[in-house]
Amino acid sequence: AVWEGDFAGYKSCYVIVSTLKNKDLVSTIGVIFPECGNWSILEGNYVKLKEMLSTKYGEPAEVVEEFQNQYATRDDSSKLHELKMDRCTYQTLWRTEKGNLVLKLIKGDYGTVHVLLAYYDKINGLEVEAAAMDDI
């Protein structure tokens with residue numbers, strides 16, 4: 001299911017809830033933040049959300065914030081271009097007892113770029129995986 005609404009102080013976010021087809025189990029919830037065509041604002045949103053999540057969940061387990069081509073990232077326009085070309089990885093992972101959270105910058109459809117936050121439920125995720133194994 002997909003809903004549009006406010007999340008963490010951001011307007012017009014898309015909240016996506018993934019369930020297993022024959023079971024009423026939520027395994028993943030994703031939040032796609034509004035499109036942003038400006039690198040400084042996009043990165044600022046990512047950093048703000050990363051700080052909020054770190055306050056709530058503690059230090060991240062993994063952080064990767066890099067460009068494949070360091071020479072092409074001299075200005076904000078170049079950085080945005082590198083993200084759109086899939087030559088940029090901005091991703092932070094938190095591991096908790098109940099599951100994992102991933103915050104990342106993504107390229108959307110038609111050249112749009114967004115911040116994505118995904119929650120992966122540990123227990124329900126294992127059930128979804130077990131059901132998938134039954135299909136194989």
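This is a predicted model: local features need pLDDT of at least 70, side-chain atom pairs count only at pLDDT 80 or more; totals for chains, interfaces and linings use all residues.

Me: What makes C88 count as buried or exposed?
Reply: The relative accessibility of C88 is 9%. Because the limit for buried is under 20%, C88 counts as buried.

Me: How many disulfides does the structure hold?
Reply: The structure holds 0 disulfides. A disulfide would require a pair of cysteine sulfur atoms within 2.5 Å.

Me: Which strands are called edge strands, and what makes them so?
Reply: The open sheet has 7 strands in the order β1-β2-β3-β7-β6-β5-β4, with antiparallel pairing. Its edge strands are β1 (2–7) and β4 (62–67), each of which pairs on one side only. Neighbouring strands of this sheet are turned by 20 degrees against each other on average, direction ignored.

Me: How do you know that β3 and β7 pair?
Reply: Pairing requires at least two bridges between the strands. Strand β3 (residues 26–32) and strand β7 (residues 113–121) share 5 bridges, in the antiparallel sense, and therefore they pair. I32 stands opposite L116 in β7.

Me: Which strands does helix α2 touch?
Reply: Helix α2 (residues 76–84) packs on the sheet and touches β4, β5, β6 and β7. Its direction makes about 115 degrees with that of β6.

Me: Across which strands does helix α1 lie?
Reply: Helix α1 (residues 39–57) lies across β2 (10–19), β4, β5 (88–96), β6 (99–107) and β7. Helix α1 runs at about 15 degrees to β5.

Note on methods. Residues are numbered from 1 along each chain as its sequence is written. Side-chain values use heavy atoms; hydrogens and water are left out. Helices (H or I, at least four residues) and strands (E, at least two) are DSSP runs, numbered from the N terminus. Axes are lines fitted to C-alpha atoms, for helices over the stretch in contact, and angles run from 0 to 180 degrees between N-to-C directions. Contact means heavy atoms within 4.5 Å. Buried means under 20% relative accessible area, exposed over 50%, partly exposed in between (1.4 Å probe, protein chains only).
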